[in-house]
Amino acid sequence: MPILVCVNATERSPYVDLNIDNGRSALDLLCSRIQALPDTAGVVALVSPEDRRDLPGGWQRLVLEDKAGNGERALLEALSRALEVHPEVDLLLYCAVDAPFLDGDLCSRMTEQHRRYAAEYSFADGYPGGLAPELLAPSVLPRLLQLVSDCASGLQPARDALFQIIQRDINSFDIETTLSDHDLRMLRIELYCNNRRNWVLCKRLLERGAGGAAAIVDAVRSDQRVLRTLPAYAVLDVVEGSTQDVAYSPYRLFGPAGRGKQREMAVADVGRLVKDLERFSPGCVVSYGLWGEPGLHSDPVSLITSSRPCPLVIETSAVGWNHSMLERAIDSDPQRVTWIVHLDAVDEEVYRSVRGDGFAEAMRVTELLLQRVPERVYVQTVRYRDVEQHTEPFYRYWKERTDNVIVQKYDHFCGVLEDKRISDISPVTRFACWHLRRDLTVLVDGSVPMCREDIYAKHVAGNVLNSGVEAVWGALEPYHDQHVKGDYPSLCRNCDEYYTFNF
């Protein structure tokens, strides 16, 4: 029996249509791979209501519709409508429009296995994202609709919406998994042309002649330098200075800890830096709060507006803010800004032992944030030896208020601080640092050290305010290359932050 190919085109970024391989776009490559699939009844492209862009010839346009604005329901109902037009099919092959490496051999293996074992849902595991489709038996759709909540979640379904729905009652479905010979999940590779970082990665692999799943896996395993593309996370020290002397912060060893603001980055410089960052790596997450307290800046509202259109994270102690300025900051861009509040304790005495004064103010500001932007606020504690017994009470207290609770591991900053870790959770086998691969750390004067752990700035790659983001990012590449080769600089040898991951 034939297969119906359903392409989710609701998330169609501009990079889908850019030249990526000798005049061909990611969409061109996907189209040719779908055409090579055997026994297909047709191709249905699921699009959002406002989408008027052209589709490949022969593809049927199917608009997602749901008056309640529930993307999951809209997706399942659209798939059901597609099956009404193609009642002869026994299998749905579901993929994304920005997946230029959809592998025909892998699709065939999955299809054969799915039918052999009469599965209801099939997926592949251990492969980079974008190589494999999801397979779904048409008879399962009514049961999946019963698992969809009535809450509005936006009309655009999540990339992994099918799996998210099935997970809610996973034991009720017959599921088959196709496993990669080499498990690459740890590398978090996404071979989708949904942003510039991933587009660059896909282009690099094509330039190396890696077009199929096996060749791509081999290329990545043989040289992980290919994975360092563009910055995904940039943390800016917009203020030098803090109102608190935090027990686990190295800032107290070399900076004006707890003595108020010393210097700040000018709003104009922040805006210029973010504009350059957005040009070089669109969509990069920007964070304020490397060492200093963002609330001490003379114009935090302008700091927030200057970061547009990048997603923004503000890490704060919630101590030292001007109250009216804070309210204006919250209201200036509530849907784009994420707030992480460093609280560490729910007991005032414990709080004082870790952070000093300011408990009442911090709790009051946290309550205000939770009232105004509850979905965008995270409360955080650091788990370490001195306060281990207070970690669970902190978690329990805040878990009753919000699901957004962060328990952060202790960082001894490559041995600069006493090692107070509860346990060593670092991987058995070391790998190249995530932060060298993805992050950019900018000090208040614009200088860029190797990473956040380089607290004395002994490995400065340049100054982004003078040389620009692209030049400084390139100057950091040799450090990552060393890691890939297993040759770790002296700073890195005693570091256990290499496996932690930011946004």
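**View A. Arg385, partly exposed at 41% relative accessibility, forms a salt bridge with Glu418.** The model is predicted: local features need pLDDT of at least 70 and side-chain atom pairs count only at pLDDT 80 or more, while totals for chains, interfaces and linings use all residues. Residues are numbered from 1 along each chain as its sequence is written, and side-chain values use heavy atoms, with hydrogens and water left out. The closest N and O atoms of Glu418 and Arg385 are 2.9 Å apart. Glu418 is exposed, at 51% relative accessible area (buried is under 20%, exposed over 50%, partly exposed in between, with a 1.4 Å probe and protein chains only). A salt bridge needs a side-chain nitrogen of Lys or Arg within 4 Å of a carboxyl oxygen of Asp or Glu, and the count comes to 39 salt bridges.

**View B. A network of salt bridges links Lys409, Asp419, Arg421, Asp424, Asp496 and Glu497.** Within this group, the side chains of Arg421 and Asp419 meet at 2.7 Å, N to O. Arg421 is partly exposed, at 21% relative accessibility. Asp419 is also partly exposed, with a relative accessible area of 35%.

**View C. Glu120 and Arg143 meet in a salt bridge through their side chains.** The N to O distance is 2.7 Å. Glu120 lies in the loop between helix H3 (104–116) and S7, whereas Arg143 is in helix H4 (residues 141–146), so parts 23 residues apart in sequence are tied together. Glu120 is buried, with a relative accessible area of 14%, and Arg143 is partly exposed at 30%. Helices (H or I, at least four residues) and strands (E, at least two) are DSSP runs, numbered from the N terminus.

**View D. Trp291 and Phe413 form one of the 14 aromatic pairs of the structure.** The pair is tilted, at 5.6 Å centre to centre and 45 degrees between the planes. Rings of Phe, Tyr and Trp (its six-membered ring) pair if their centres lie within 6.5 Å; planes under 30 degrees apart count as stacked, over 60 as edge-to-face and the rest as tilted. Elsewhere, Tyr121, Phe123 and Phe163 form one aromatic cluster.

**View E. The charged ends of Arg188 and Arg228 sit over the rings of Trp434 and Trp473.** Arg188 has its charged end 5.6 Å from the ring centre of Trp434. For Arg228 and Trp473 the distance is 3.6 Å. The rule asks for NZ of Lys or CZ of Arg within 6 Å of the ring centre and within 35 degrees of the ring normal.

**View F. The second largest pocket has a volume of about 790 Å³.** Of its 33 lining residues, the closest to the centre are Ala124, Gly129, Gly130, Asp160 and Tyr192. Strand S6 (91–96) and strand S7 (121–125) each supply at least two residues of the lining, and S7 gives the largest share, four residues. A pocket is an open set of points on a 1 Å grid over the protein atoms alone where a 1.4 Å probe fits, with protein on both sides within 12 Å along at least five of seven lines; lining residues have an atom within 4 Å of a point. The volume is the space filled by probe spheres set on the points.
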